[in-house]
Amino acid sequence: MNVWTRRAVIGTAAVSMALSVAACGKAGDGDKAAGGDGKTIGLLLPENKTTRYETFDRPLMEAKIHALCADCEVKYNNAAQETETQKKQFDALITQGVKVIILDPVDYKATKSWVDQAAKKGVKVVAYDRLAEGEISAYVSYDNEKIGRLQGEALVKALGSDAKKSNVVMINGSPTDANAPFFKKGAHTVLDKQVKKIVYEQDIPDWSSDEANKKMSAAIDSLGKDGFQGVYAANDGEAGGAITALKQQGVKVPVGGQDSELAGLQRVLKGDQAFTIYKQIKPQADATAEIAVKLLKGEKIGALAPTKVDSLSGDVKGIPAKLYDAQVVTKDNVKDTIIKDKVYKASQICTADVKAACEAAGIK
């Protein structure tokens with residue numbers, strides 16, 4: 001697959017605003033019995049270390065829900081990477097009678113009992129970004145194995161003609177994140193065939209950049225400064241931690257990431273990071289909001305979730321899903337992707353220490 005992967009899916013994913021004037025239905029007797037009003041949607045996000053959740057996902061979903069249902073309320077909480085905190089937040093929404101919950105789980109395995117209990121009470125759960133265990137009603141995310149392949153292909157491209165002779169360090173995602181195994185699997189399908197060897201590999205709890213830094217330092221100590229020629233990092237935060245460790249040891253090798261975080265984009269432009277992965281959040285957030293409103297109103301969601309997926313455990317089959325594509329971003333196409341799509345303004349990216357790199361990339 002060429003790293004300049006097609007953009008057709010993400011580019012055409014804008015949700016129709018034709019429903020924006022539709023009001024949500026009246027609460028039924030079941031809602032009243034549970035203390036709900038039929039106008040509330042719960043939104044539970046997993047953490048706030050990754051900048052995307054508070055900066056993009058939450059405001060985009062809230063805005064779309066309110067556009068589709070002017071008198072709907074969104075009850076929001078962030079679990080700050082604590083599974084038990086998220087369970088309490090989830091349980092509180094059930095107690096309050098909320099009938100639809102958008103859930104991005106901290107630990108996908110832990111959600112099974114919560115979600116199954118909610119389903120028994122008629123509560124619809126939409127898994128957002130990360131697949132959750134249990135009887136969920138819908139899932140909106142990306143083709144995460146394909147993203148892993150994109151990362152692997154981009155790293156191979158960054159290694160160039162030396163790829164077949166190159167040893168690679170892999171800094172993977174959090175083992176409690178349902179997406180992380182897919183990123184890893186996709187990356188391995190490429191790297192196992194196209195580089196010499198994976199010489200060091202670690203999963204990083206909670207996507208911690210500090211832990212990624214420590215593991216990268218350990219890899220350098222174990223392998224030596226010349227013992228590897230590239231680093232796969234599952235996201236930009238981990239890439240940042242790894243790059244700091246590499247710089248401290250005077251090592252310069254290609255490092256990839258994911259999420260197109262502001263700091264990651266700045267590193268890409270300056271040449272410290274080889275690439276990141278751009279996942280358009282707005283289409284994903286908008287589609288999730290529309291699915292949630294339709295579920296609240298008792299309407300069908302088939303047109304919005306045309307794909308079927310199974311839970312990772314295999315316990316739940318045929319979950320209605322919408323999966324988006326992503327794209328590799330290097331310094332050569334930041335202008336035509338991130339800037340063009342108004343994810344960040346040039347003024348946000350091109351701070352004083354990045355100004356020269358921005359000008360070299362044609363960003364003003």
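**Strands E3 and E4**

I started at Ile 101, which stands opposite Val 125 in E4. The model is a predicted one, and I read everything below with that in mind. Strand E3 covers residues 100-103, and it pairs with E4 in the parallel sense over four bridges. I then asked how much of E4 is buried. Four of the five residues of strand E4 (residues 124-128) are buried, so the rest of the structure largely encloses this strand.

Next I took Leu 103, which also lies in strand E3. Is Leu 103 buried or exposed? Leu 103 counts as buried, at 0% relative accessibility. I listed its contacts, leaving aside neighbours within four places in sequence. From E4 I noted Val 125, Val 126, Ala 127 and Tyr 128 among them. The list also includes Leu 44, Gln 86, Phe 90, Thr 111, Val 115, Arg 130 and Ala 132. I checked one pair across the sequence as well. Leu 103 and Leu 45 are 58 residues apart in sequence, yet 6.5 Å apart in space, C-alpha to C-alpha.

**Whole protein**

I stepped back for the totals. The protein has 14 helices and 13 strands. Of its 364 residues, 55% count as buried. I also looked at contacts between residues at least 6 apart in sequence. Among these, 72% join residues at least 24 apart.

**The sheet E7-E6-E8-E9**

I traced an open sheet of four strands, in the order E7-E6-E8-E9, with parallel pairing. Which strands stand at the edges? They are E7 (197-203) and E9 (255-256). Each has a single partner strand, so one side of each is left without a neighbour in the sheet. Inside the order, I looked at E6 and E8. Strand E6 (residues 167-172) and strand E8 (residues 230-233) run parallel and are joined by four bridges. Val 168 has Gly 230 as its bridge partner in E8.

I followed this region to His 188, in helix H7 (residues 180-194). His 188 is buried, at a relative accessible area of 17%; the cut-off is under 20%. Not counting residues up to four places away in sequence, His 188 touches Met 170, Ile 198 and Glu 201.

**Cavities**

I searched the whole structure for cavities of 30 Å³ or more, and there are two. What lines the largest cavity? There are 14 lining residues, and Tyr 53, Arg 130, Asp 177, Trp 207 and Asp 259 lie nearest the centre. By class, the lining has three nonpolar, four polar and seven charged residues. Arg 130 is also on the contact list of Leu 103.

**Positive phi**

Asp 259 came up again when I looked at the backbone. Asp 259 is not a glycine, but its phi is positive, about 105°. Asp 259 lies in the loop between E9 and H10. This residue is buried, with a relative accessible area of 18%.

Gln 81 was another entry here. Gln 81 is not a glycine either, and its positive phi is about 70°. I found Gln 81 in the loop between strand E2 (73-78) and helix H4 (83-95). Gln 81 counts as buried, at 9% relative accessibility. I noted the background: most residues other than glycine have a negative phi.

In helix H10 (residues 262-270), I marked Gly 264, Leu 265, Gln 266, Arg 267, Val 268 and Leu 269 as buried. What covers them? The cover includes helices H9 (236-248), H12 (334-339), H13 and H14 (355-360), along with strands E10 (276-278) and E13 (327-329). Gly 271 follows H10 and has a positive phi, near 90°.

Helix H11 (residues 281-296) has 16 residues. From first C-alpha to last, H11 reaches 22 Å, close to the 22 Å expected at 1.5 Å a residue. H11 is mostly covered, with 15 of its 16 residues buried. Just after H11, Gly 298 takes a positive phi of about 75°.

**Ser 347**

My last stop was Ser 347, in helix H13 (residues 346-349). Buried or exposed, I asked of Ser 347? Ser 347 counts as exposed, at 57% relative accessibility. Ser 347 and Ile 363 are 16 residues apart along the chain, and 9.4 Å separates their C-alpha atoms.

Note on methods
Residues are numbered from 1 along each chain as its sequence is written. This is a predicted model: local features need pLDDT of at least 70, side-chain atom pairs count only at pLDDT 80 or more; totals for chains, interfaces and linings use all residues. Side-chain values use heavy atoms; hydrogens and water are left out. Helices (H or I, at least four residues) and strands (E, at least two) are DSSP runs, numbered from the N terminus. Buried means under 20% relative accessible area, exposed over 50%, partly exposed in between (1.4 Å probe, protein chains only). Contact means heavy atoms within 4.5 Å. On a 1 Å grid over the protein atoms alone, a cavity is a set of points where a 1.4 Å probe fits but cannot get out, and a pocket is an open set with protein on both sides within 12 Å along at least five of seven lines; lining residues have an atom within 4 Å of a point. Grid points are joined across faces, edges and corners, and a volume is the space filled by probe spheres set on the points. Ala, Val, Leu, Ile, Met, Phe, Trp, Tyr, Cys and Pro count as nonpolar, Asp, Glu, Lys and Arg as charged, and the others, Gly among them, as polar. The expected span of a helix is 1.5 Å times one less than its number of residues. Two strands pair if DSSP finds at least two bridges between them.
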